[in-house]
Amino acid sequence: MRDITTEVLVIGGGSAGMAAAAELRERNHSVAIVERENLLGGILNQCIHNGFGLHRFKEELTGPEYAERYASIIEKSSIDVFTGTTVTEIAKCGEGKKVYAYSASHGMLIFHVKAVVLAMGCRERNRGNIGTPGTRPAGIYTAGLAQRLVNMEGLMPGSKCVIVGSGDIGLIMARRMSWVGADVKAVVEIQPYPAGLTRNIVQCLNDFNIPLHLSHVVSEIYGKDRVEGVDVTPIRQGVEVTKETFHIECDTLLLSVGLIPDNEIARKAGIAINPETNGPLVDSSLMTNIEGIFACGNVLHVHDLVDFVSEESQRCGTFVSDYIQGKEEKKQFRIVPGSNLKYVIPNRFRADRDNHFYMRSLIVRNHAELVLTLNGKELSRKKLRHIQPSEMISFKLGEKDLPDSVLGEESSLEISLVG
Amino acid sequence: MTKELICISCPIGCHLEVTKNGDDISVKNNKCSRGEIYGREELLAPKRVVTATCPVRSDLMARIPVKTTGAIPKELINSLLEELYRTEVKTPVSGGDIIIRNFRDTGIDIVSTKSLPG
């Protein structure tokens, strides 16, 4: 057993954890990172395709390249990195926190810290989450697992695939499986619109003539030892049109049916979870309901671009730094997601500094408007060219845009979309 | 002739309107200059950046990620992939190390996108 005292412990060494830790170190705090895998970088290591970093680095990088930019900053700094190490519990300890972790090489570790940054990322929803009927043969994978098998371990999950869900990982895997010689038969999406980015529909499906069945579900899985085929059924007005069911022969089913923030440790620590995001509820400083515990990246809400994860996490680093220095906590006001918005992060704002919001639309529209309403009165509007649920909206409310005079004890800011 | 294309230069995915009038090509609805380049090329000679893996001997992973340094003509992609899957990369290797130089005289190299210790 080893006791380690440091100002901040960052749980997770992916894009969120690395950006938060780098910012904290830059501000002269002592920082440690605990990472479950043997490499820093998290999910980026298996995302070998490009398209990362256009906002952050103004160039197009692959996942491993993006990860390496941050990993080299971490390696050159004096941040303590514990790879192959799993955190099991966060406990209160006087003014600070005690965090328990285990690893094969270090044994049991107890971190004594002033603040904790949750940066554990997210995990994939699986067959159980979508309740697909049928037998339980081999050959059913989540898309991210298949991606890891192909890209890092050099293993082929199968040769004739059907992909369930049109999320980005599913689309990327449609191209990847095609490029490693598999036959991708179809992508089946329950919604009437694709869940992934438009560019991925173009270059991962259209380029390979892979059919995308929108408003369809996989209604049955066949096969005893190995998947032998699936039934696909169209959906109209929320009802399966069983007489139009068709069969696709395949030996592999890849599920790309959404991601869930990985908050098991957070729940255990008593952190309140937002049911819309499955991530912690956070104030304007990205601090959870438990003082000294912050959250950023996909553990807070699932992002569609890593660039936004880095931005949010770096900002989180500055907030943690302010907290440790005991900077005076200013009054915070409530934010309410209004019409057509699934959620807004964070859940509070402050009037004495800029506020960055990330939000997700519930609707698909061209030429929509973002409307901010303070205490029932319209504050401002912003034109948005195109909105859809799969593309996160970011918005900055400047300090100067907030009239100090109208903010009272019970003020709340409603953000809505009108199309 | 007018064609509707979706720009894939970045995740925004602008819905381009590309019009060909004789030798004259005009691109509309692009938010940046790369959209114009994409619209022209996609109409005349479609190209793609390829990302793939090569076998590698390392304790950390069995495959090392690689990419083309620029877009290559679509019709060369399959032969490139076949060559990459046969090319074993020796460690140590740094991100940016050239794995295949000037593939089929396209002027495009294939480089490693990950560093691995020896």
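Predicted model: local features only at pLDDT ≥ 70, side-chain atom pairs only at ≥ 80, totals over all residues.
I would like to start at one residue, S215(A), which sits in the loop of chain A between β15 (212-213) and β16 (216-222), where helices (H or I, at least four residues) and strands (E, at least two) are DSSP runs numbered from the N terminus. S215(A) is not a glycine, and yet its phi is positive, about 55°. Most residues other than glycine have a negative phi, and most peptide bonds are trans.

Residues are numbered from 1 along each chain as its sequence is written, chains are lettered from A and ligands numbered from 1 in the order in which they are written, and side-chain values use heavy atoms, with hydrogens and water left out.

H367(A), in strand β27 (residues 365-374) of chain A, also has a positive phi, near 55°, and is a residue other than glycine. As for peptide bonds, a cis bond joins I345(A) to P346(A), with omega about -5°, and P346(A) is found in the loop between β24 (341-345) and β25 (348-350) of chain A. In chain B, T91(B) and P92(B) are joined by a cis peptide bond with omega about 0°, and P92(B) lies in the loop between α2 (77-86) and β8 (98-100) of that chain.

Let me turn to where the chains meet. How many residues does each chain give to the contact? Chain A gives 30 residues and chain B gives 32, contact meaning heavy atoms within 4.5 Å. By class, the side of chain A that touches chain B has eleven nonpolar, ten polar and nine charged residues; here Ala, Val, Leu, Ile, Met, Phe, Trp, Tyr, Cys and Pro count as nonpolar, Asp, Glu, Lys and Arg as charged, and the others, Gly among them, as polar.

Between the two chains there are four salt bridges, each being a side-chain nitrogen of Lys or Arg within 4 Å of a carboxyl oxygen of Asp or Glu. K67(B) forms a salt bridge with E65(A), and their closest N and O atoms are 3.1 Å apart.

Finally, on confidence, the predictor gives the complex an ipTM of 0.86 and a pTM of 0.91. Chain B has a mean pLDDT (the predictor's confidence in each residue, from 0 to 100) of 91, and 99% of its residues reach 70 or more.
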